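Take a look at the fold below. This report covers a cavity, a helix and the nonpolar cores.

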Amino acid sequence: AAVDQRLAEQGIERFIAVCPFTTRPQKHWIESQWLELLPMLQQAYGCPVVMLGGPGDVEPASCLQVPGVLNWVGQTSLLEAVRVLEKAELVVGVDTGLTHIGIAKQTPVVAIFGSTCPYRFAPSAQLSVLYSGRDCSPCRRNPTCDGRFDCMRDLTPDDFAMVAPAPTDVKDLPVSRIGSLLQFAPQGAYGRAVKVRGTVTLQQEGSDLFVQDVSDGLNVKTW
């Protein structure tokens, strides 16, 4: 109830939850990559980001504070954090307990793995895994990269865009932002398809994107 009330007071109906923090440095994604991804998420999904973590994560969370990110790190109980993860449209996190809770709650999750063994068989159809799979990974508790954490540096926001689920609703998005759906849609041999609650027919010629029609329906199709 406290989470629902807090979201309502801030006028938030849709949001993405991010879980950037964990106990070992080799499991953290690179700070500069988060700083690039956080605005990208807001632009593509059209909603704010709620950042979660424990009391010990307050200081590193301050380094990821960008406009549109609601820093709830150290401000929720575990049960409240679970409610946030349950209500989120998408969870993005490293190999940490909160990310696994998001998976258990059947929320769409993109889980970022490097030094630890990733999910080989997704426990949920809603799970996408980002993993570079270097020869030295997973190294678990014995990194051999002298603190560079190359397996995490390999992963970029562009890699994230290849595995992330598409936004779930584009009916109310400004036409100028519909093009951002393309980078979050699976690339197939004949174009891209996005499952949404409204249909927008798009045509792309070279680097130009044209909106041809907007109507009620089930899919966004582009070619």
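## The cavity

The largest cavity has a volume of about 70 Å³. This is a predicted model. How many cavities of 30 Å³ or more are there? The count is one.

Residues lining the largest cavity include Gln26, Ser115, Phe149 and Asp150. Cys136, Cys139, Cys145 and Cys151 also line it. By class, the lining has six nonpolar, four polar and one charged residues.

## Helix α2

Helix α2 covers residues 31-45, which makes 15 residues. At 1.5 Å a residue, α2 should span 21 Å, and its end C-alpha atoms are 21 Å apart, so the two values agree. Glycine 46 follows α2, and its phi is positive, near 70°.

Which residues of α2 are buried? They are Gln33, Trp34, Leu37, Leu38, Met40, Leu41, Gln42, Ala44 and Tyr45. An α-helix has 3.6 residues a turn, so residues three or four places apart point the same way.

## The nonpolar cores

In soluble globular proteins, nonpolar side chains tend to be buried together. Here the largest nonpolar core has 32 residues. Ile16, Val18, Trp34, Leu41, Val92, Ile112 and Phe160 touch the most other members. Several elements each supply at least two residues of this core, among them β1 (16-19), β4 (90-94), β5 (109-113) and α7 (157-163). The largest share, seven residues, comes from α2. Apart from this core lies another, of 21 residues, including Leu52, Ala81, Ala88 and Ile103.

Now zoom in on valine 18. Not counting residues up to four places away in sequence, valine 18 touches Trp34, Leu38, Leu41, Val49, Val50, Met51, Leu52 and Val92.

Notes. Residues are numbered from 1 along each chain as its sequence is written. This is a predicted model: local features need pLDDT of at least 70, side-chain atom pairs count only at pLDDT 80 or more; totals for chains, interfaces and linings use all residues. Side-chain values use heavy atoms; hydrogens and water are left out. On a 1 Å grid over the protein atoms alone, a cavity is a set of points where a 1.4 Å probe fits but cannot get out, and a pocket is an open set with protein on both sides within 12 Å along at least five of seven lines; lining residues have an atom within 4 Å of a point. Grid points are joined across faces, edges and corners, and a volume is the space filled by probe spheres set on the points. Ala, Val, Leu, Ile, Met, Phe, Trp, Tyr, Cys and Pro count as nonpolar, Asp, Glu, Lys and Arg as charged, and the others, Gly among them, as polar. Helices (H or I, at least four residues) and strands (E, at least two) are DSSP runs, numbered from the N terminus. The expected span of a helix is 1.5 Å times one less than its number of residues. Buried means under 20% relative accessible area, exposed over 50%, partly exposed in between (1.4 Å probe, protein chains only). A nonpolar core is a set of buried Ala, Val, Leu, Ile, Met, Phe, Trp, Tyr and Cys residues joined through side-chain atoms within 4.5 Å. Contact means heavy atoms within 4.5 Å.
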